[in-house]
Amino acid sequence: MKKSTFVEGTIIATLAIVFTKVLGMLYVIPFYAIIGASGSALYSYAYNIYVIFLNISSAGIPVAMSKLVSEYDTKGMKEAKVRSLKLGILIISIISILCFLLMMFFAEEIAQIIIGDLSGGNTIKDIALVLRAVSFAVLIIPFLSVARGYLQGHKFIAISSFSQMLEQVMRIIVILAGSFITIKLLKKSVSLGVAVAISGAFIGGLIAIFYIFKKIFDNKKELDLGITLKKDSISNKAILKKILTYAVPFIIINVTVNFFNIIDMTFIVRTLGKLGFTGREAEFVSSAMTTWGYKLNMIVNAIATGLTVSLIPNIVSAYTLKKNAEVNKILNKAFQIVLFISMPAAIGLSFLAEPVWTLFYGPSTLGPVIFKLSILTSILCNVYLIAIQSAQSINEYKTVYKAVIFGFSMNAIFDVPFMYLCHKVGLPAFYGATFATILGYIVAIAIVIRKLKKMKEIRFKQTLRRSIKLILCVIIMVLSLSLLKMIFPYNGSASRVWATIYIGIYALVGGLIYFFLTYRLNLIKTIFGPKMINKLLNKITFGKVKIKGDTSES
């Protein structure tokens with residue numbers, strides 16, 4: 001196995017996450033055609049409940065394990081590192097079994113809570129069937145999380161990332177093939193077809209865990225497994241305390257985010273209803289902002305998710321050795337990479353809001369208008385994720401709690417006032433909810449950045465200078481695309497095929513302009529480094545193109 005540098009790990013993890021997110025979006029189109037509206041609702045019931053139990057059983061564990069392993073490995077405490085893996089598995093085993101038993105034996109009670117006395121749709125037995133089908137995945141996925149965290153803590157990013165891709169591919173194969181064979185070929189019930197499909201979570205996890213455990217077994221000496229180690233002085237109680245200390249913030253963050261998402265959804269529906277929107281329009285806006293638009297945002301958000309996989313062990317290692325200058329370098333690099341990629345991606349998607357929405361969800365009047373602004377929040381979301389993960393990596397838990405609570409509270413407080421304000425000044429009222437989200441992210445980011453700047457040698461002047469140059473490049477890119485739009489406009493009634501062609505042309509032109517400008521301004525070399533760029537160029541051009549090692553800013 002080969003350890004990944006920070007930038008290599010970032011690229012590997014990001015590509016893997018983007019791959020899984022894109023696949024996760026695309027499979028929905030044929031799957032919905034197979035199971036129909038009622039089957040889609042049934043799948044949604046089961047999957048949402050499964051995610052709740054999965055978060056309970058494994059939330060924060062991969063990051064906690066990654067951080068703990070990196071910390072002990074840096075200190076040379078190899079036995080404590082291995083013991084933390086065993087204790088992590090013990091904790092996961094207990095929680096996973098309890099969650100599995102709850103889903104298996106209380107499936108009908110959970111179904112009753114979901115639909116109550118609702119009739120004419122899916123029955124309690126239908127929902128209970130799919131809940132039991134997916135419950136087996138809770139016995140597998142948490143262990144996969146622990147294994148990935150252990151590898152990430154050693155900076156073995158490639159294996160962890162490939163296992164995610166393998167899991168997603170196998171899951172989608174089972175979902176599509178299983179539902180098609182059960183419903184279309186065998187003519188069985190939709191509920192049975194959905195139950196077979198949702199078992200893909202278990203099959204995908206099982207295949208991935210076999211792969212990742214084999215890699216660990218083949219490299220057990222390198223991972224300090226299967227060998228006799230001198231016992232370190234740290235106790236099991238201290239290790240357990242650290243695991244819980246590292247994992248609990250993620251649980252709090254997830255719960256807080258979910259809580260405020262529900263508040264967002266409720267406020268949007270009720271406020272728009274009072275402002276003259278019909279019930280159907282209000283529900284569409286709410287679902288577009290909190291679900292369907294959010295799915296498209298996840299493509300951009302995957303950049304930060306991939307970045308944090310490599311970010312955490314590198315920051316922990318530098319912080320443990322009290323190398324504040326190195327922490328500063330990694331933090332600045334992380335912010336610069338995420339801005340370099342997410343700014344043109346999000347703004348480009350905003351510019352192409354109508355064809356992008358048509359491609360995924362079909363023609364719509366309100367959809368593109370909503371998406372045009374909401375996609376821009378993904379830039380701030382990425383910066384927010386990096387800031388929060390950085391604070392956690394250096395044990396600034398109070399700062400994390402403060403940023404999360406204050407940030408999302410600002411979002412909730414200003415949702416309704418901003419919607420009324422937008423309505424009054426002639427903007428779409430629902431833009432107010434997006435502005436409230438933007439305010440929430442800014443507040444949370446500001447709290448973390450202010451705390452980080454108080455640390456010795458943590459400065460962000462370099463990132464600020466390079467961000468100004470990046471913004472200039474994006475502005476020129478958008479102006480160029482606006483000129484192209486005058487020559488080659490989009491037809492609002494175009495088909496999905498035409499929308500795809502249109503997006504492809506604009507993405508190619510915009511991408512070439514952006515990368516040319518960032519290259520001329522020396523941003524690509526200064527942000528990513530010539531070593532990493534040359535590795536990519538070597539593969540793309542078969543060694544014919546190479547850049548020089550100068551990384552000075554122009």
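Me: How are helices H14 and H20 oriented to each other?
Reply: In this predicted model, local features need pLDDT of at least 70, side-chain atom pairs count only at pLDDT 80 or more, and totals for chains, interfaces and linings use all residues. Residues are numbered from 1 along each chain as its sequence is written, and side-chain values use heavy atoms, without hydrogens and water. H14 (residues 353–361) and H20 (residues 496–520) pack at about 135°, with axes 9 Å apart. Angles under 35 degrees count as roughly parallel, over 145 as roughly antiparallel, 65 to 115 as roughly perpendicular and the rest as oblique, so H14 and H20 are oblique.

Me: Which residues of H20 meet H14?
Reply: Contact means heavy atoms within 4.5 Å. On the H14 side, the residues are Pro-355, Val-356, Thr-358, Leu-359, Phe-360 and Tyr-361. Their partners in H20 are Arg-496, Ala-499, Thr-500, Tyr-502 and Ile-503.

Me: How many helices does the chain have?
Reply: Helices are DSSP runs (H or I, at least four residues) and strands likewise (E, at least two), numbered from the N terminus. The chain has zero strands, and its helices come to 22.

Me: Which element has the lowest mean pLDDT?
Reply: pLDDT is the predictor's confidence in each residue, from 0 to 100, and the chain averages 80. Among the elements, helix H19 (residues 461–487) has the highest mean, 92. The lowest, 60, belongs to helix H22 (residues 530–541).

Technical notes:
Axes are lines fitted to C-alpha atoms, for helices over the stretch in contact, and angles run from 0 to 180 degrees between N-to-C directions.
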